[in-house]
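Good morning, and thank you for making time on the agenda. Please look at the sequence and the model together while I go through them.

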Amino acid sequence: MAEAGFSERLLELHLDGVYRYAFRLTQDADAAADLTQETMLRAWRRRTSLRDAAAAKVWLLRIADNAWNDTLRRKLRLRKHEEPAEQESADPRPPATGGVEHQETLNRALAALDALPDRQRRVMHLAVCESLPQAEVAEVLGITTQAVKASLAAGRKRLREQLQDIDQQLQTKR
């Protein structure tokens, strides 16, 4: 029997958004799938804590963010106990092959988003890609609305600088 505000359908409705956020955090498809699975498992275990189905998206994204932070803490503890290893490539994605101009633009924009500092990347993804209001972004990340505003402003500024040519093309098309 479904709990008040919770249903399996509710998880299904937000699965894609959770995966997109997990991918933005991990920058790896397999790790994003694992993080999404962990998020859904935690959500199922804590299903009685969701009182309002309308808050499910924020609730799930908060769980994903916490799961990612837990993963980072575990990795940090492991690194402290291991020998220094060779550094992996900074960008695990294959280089973009020549393709449609639109795809190249999208790849550049996503790469620029991935290059933002962690908080700015998280805030930008939640606000822009997931269309969350600033108050909900703050709730997901456990920061103030002012911190969200500051991160959005800084992230947008960096993206405009890095993608100046694309921004100019868009301005001339308007």
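I shall begin with the model as a whole, then take the helix contacts, and end with individual residues.

The model is predicted, so local features need pLDDT of at least 70, side-chain atom pairs count only at pLDDT 80 or more, and totals for chains, interfaces and linings use all residues. Residues are numbered from 1 along each chain as its sequence is written, and side-chain values use heavy atoms, with hydrogens and water left out.

Let me start with confidence. pLDDT is the predictor's confidence in each residue, on a scale from 0 to 100. Its mean for this protein is 83, and 82% of the residues reach 70 or more. Over residues 84-99, pLDDT stays under 50. For that stretch the model has seven contacts beyond four places in sequence, a contact being heavy atoms within 4.5 Å. Where pLDDT is low, the predicted coordinates should not be read in detail.

Now the overall composition. The protein has eight helices and zero strands. These elements are DSSP runs numbered from the N terminus, with helices being H or I of at least four residues and strands being E of at least two. The chain has 174 residues, of which 33% count as buried. Buried means under 20% relative accessible area, exposed means over 50%, and partly exposed lies in between, with a 1.4 Å probe and protein chains only. Among contacts with a separation of 6 or more, 66% are between residues 24 or more positions apart.

I turn to helix packing, and to α7, residues 145-162. What is the crossing angle between the axes of α5 and α7? The axis of α5, residues 118-129, comes within 9 Å of the axis of α7, and the two cross at roughly 95 degrees. Axes here are lines fitted to C-alpha atoms, for helices over the stretch in contact, and angles run from 0 to 180 degrees between N-to-C directions. The two helices are therefore roughly perpendicular. On this scale, under 35 degrees is roughly parallel, over 145 roughly antiparallel, 65 to 115 roughly perpendicular, and the rest oblique.

On the α5 side, the residues that meet α7 are R119, Q120, V123, M124 and A127. Their partners in α7 include A147, V148, S151 and L152. By class, this contact has eight nonpolar, three polar and three charged residues. The classes are as follows: Ala, Val, Leu, Ile, Met, Phe, Trp, Tyr, Cys and Pro are nonpolar, Asp, Glu, Lys and Arg are charged, and the others, Gly among them, are polar.

Helix α6, residues 134-141, also packs against α7: their axes come within 8 Å and cross at roughly 105 degrees. That makes α6 roughly perpendicular to α7. Here Q134, A135, V137 and A138 in α6 meet T145, V148, K149 and L152 in α7. The residues of this contact divide into five nonpolar, two polar and one charged.

Beyond four places in sequence, V148 is in contact with V123, Q134, V137, A138 and I143. Between V148 and R119, 29 residues apart in sequence, the C-alpha distance is 8.8 Å.

Next, D65 in helix α3, residues 56-81. Is D65 buried or exposed? Its relative accessibility is 2%, so D65 counts as buried. The side chains of D65 and Y21 are joined by a polar contact of 2.6 Å. Such a contact is a pair of N or O atoms within 3.5 Å; within protein, one must be able to donate a hydrogen and the other to accept it, and residues adjacent in sequence count only if both atoms are side-chain atoms. Leaving aside neighbours within four places, D65 touches Y21, L25, R122, V140 and L141.

A112, in helix α4, residues 101-115, is buried, with a relative accessible area of 5%. Outside its four-place neighbourhood in sequence, A112 touches L159, Q162 and L163. A112 and L163 are 51 residues apart in sequence, with 7.7 Å between their C-alpha atoms.

I close with backbone geometry in two loops. Most residues other than glycine have a negative phi. Q27, in the loop between α1 and α2, has a positive phi near 60 degrees. S131, in the loop between α5 and α6, has a positive phi near 55 degrees. S131 is exposed, with a relative accessible area of 56%.
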